[in-house]
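Subject: A structure for you to explore

Hi there,

Here is the structure I promised to pass on to you. Have a look at it first, and then read my notes below.

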Amino acid sequence: MKKWFAAVLLAALVLTGCGPKQPEAHEAQLFAMDTLMSLRIWGDEVLVTQTEDTLRSLEALLSATSEDSDIARLNRDGTAELQPQTADLLQQALDCATRTGGAFDPTVYPLVCLWGFPSGKYHVPTEAELTGALAHTGPQHLQLNGAVAALDAGCSVDLGGIAKGYAAERCAHQLEETGAQAAMLSLGGNVQTVDSKPDGTAWQVGIADPNDPSSAIAVVRFTGSKALVTSGDYQRYFEQDGVRYHHILDPQTGRPVQNGLRSVTILADSGTLADGLSTALFVMGLERATEFWRASSDFEAVFITEDGMIYATEGAAPLLTDCTFTELKR
Ligand code: ADP
Ligand code: MG
């Protein structure tokens with residue numbers, strides 16, 4: 001009789017999905033850093049509020065458009081004493097500029113403004129306007145000594161190509177330190193995971209189809225803590241006279257990059273590195289970017305080209321599913 005009762009109870013537990021319970025994730029969405037962010041955090045609910053607070057405070061430091069940020073003060077006054085996190089990120093942005101031969105350039109803001117991206121008052125510049133803005137662009141115009149930054153006259157800083165990756169990385173570290181079991185943070189095209197999913201399945205992150213960004217052209221599956229960041233020509237753009245002008249600018253020409261790439265996805269341990277490199281490798285184009293990857297050992301990449309081809313580096317290839325692709329060898 002007892003055995004019969006236990007068997008029925010067990011069947012009932014299995015059918016109702018009870019039994020050893022998986023912890024539930026807390027979810028939240030917020031709009032910050034000019035993008036929709038979603039958070040999934042396994043652990044105490046207070047970790048969600050903590051992460052939201054961190055994102056808001058980083059936005060308040062790093063945004064080029066909000067009046068009182070460190071970066072806005074630097075751009076307005078030409079010099080500023082920065083909070084430690086701003087100085088930390090600015091140094092990493094300068095390092096990224098050096099490493100990528102200027103393909104990533106934190107001083108592109110005069111060009112970004114000329115095209116009207118921050119204001120939404122879009123404008124296709126004349127050659128003379130471009131020449132003028134290019135004269136005020138280049139990492140040589142920015143000095144950082146400890147916490148004090150200084151810009152040459154007429155120059156300005158934009159961390160939009162790296163700040164979300166930095167924010168995701170900071171939040172991930174904070175979640176690790178404060179006892180989160182696991183997390184997936186998705187800040188626009190910047191995804192950062194903390195640890196592995198508690199139910200033992202892989203993290204799955206879609207890479208957007210550049211022709212239909214609401215659907216995935218491929219899916220990356222992985223476990224553990226990782227950053228996965230995509231830069232694409234479809235994320236922010238305007239159209240004029242049938243031409244599409246997007247938001248990733250070639251610091252050499254001052255114009256939106258046009259080299260046959262539609263998007264670059266970087267996988268790395270560091271969110272900051274992944275974000276900086278996703279922008280930089282987009283600027284480089286497939287060939288230069290592949291050479292750059294061959295000379296590096298701290299990231300993997302997936303490229304999508306205008307002709308619809310997908311290229312995955314050797315370390316990214318085993319993680320890529322739901323698509324046909326060409327593998328890039330070392
Ligand atoms: P998103 O911000 O859409 O995630 P990216 O990380 O590629 O995409 O960053 C693009 C942003 O970076 C632009 O909106 C602009 O503010 C800035 N930016 C544009 N071109 C460059 C560049 N060559 N180097 C560094 N930052 C850039
Ligand atoms: Mg970037």
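A polar contact is a pair of N or O atoms within 3.5 Å; within protein, one of the two must be able to donate a hydrogen and the other to accept it, and residues adjacent in sequence count only if both atoms are side-chain atoms. With that in hand, here is how to read the model. This is a predicted model, in which local features need pLDDT of at least 70 and side-chain atom pairs count only at pLDDT 80 or more, while totals for chains, interfaces and linings use all residues. Residues are numbered from 1 along each chain as its sequence is written, chains are lettered from A and ligands numbered from 1 in the order in which they are written, and side-chain values use heavy atoms, with hydrogens and water left out.

Let's begin with ligand 1. A backbone N or O atom of Ala103 lies 3.1 Å from a nitrogen atom of this ligand. Taken alone, ligand 1 exposes 560 Å², and the protein buries 94% of that (areas come from the Shrake-Rupley method with a 1.4 Å probe; for residues, only the protein chains shown count as cover).

Thr279 brings us to the magnesium ion, ligand 2. Its donors are Gly161 (O), Asp275 (O), Asp275 (OD) and Thr279 (OG1), at 2.1 to 2.4 Å. Donors are N, O and S atoms within 2.8 Å of the metal (3.2 Å for Na, K and Ca), and sites may look incomplete because water is not among the atoms. Along the chain, the donors follow the spacing G-x113-D-x3-T. Asp275 and Thr279 are about one helical turn apart, because they are four residues apart in helix 8 (residues 271-284). Are these two residues buried or exposed? Both Asp275 and Thr279 are buried (buried means under 20% relative accessible area, exposed over 50%, partly exposed in between, with a 1.4 Å probe and protein chains only).

Next, look at strand 7 (residues 190-194), where Gln192 lies. Gln192 counts as buried at 5% relative accessibility, and a polar atom of its side chain lies 3.5 Å from the backbone nitrogen of Glu169. Thr193 lies in strand 7 too and is buried at 1%; a polar atom of its side chain is 2.8 Å from the backbone oxygen of Gly224.

Most residues other than glycine have a negative phi. Asp195, in the loop between strand 7 and strand 8 (203-209), has a positive phi of about 60° and is partly exposed at 43%. Asp322, in the loop between strand 16 (320-321) and strand 17 (326-328), has a positive phi near 60° and is exposed at 55%.

Enjoy exploring!

Terms used. Helices (H or I, at least four residues) and strands (E, at least two) are DSSP runs, numbered from the N terminus.
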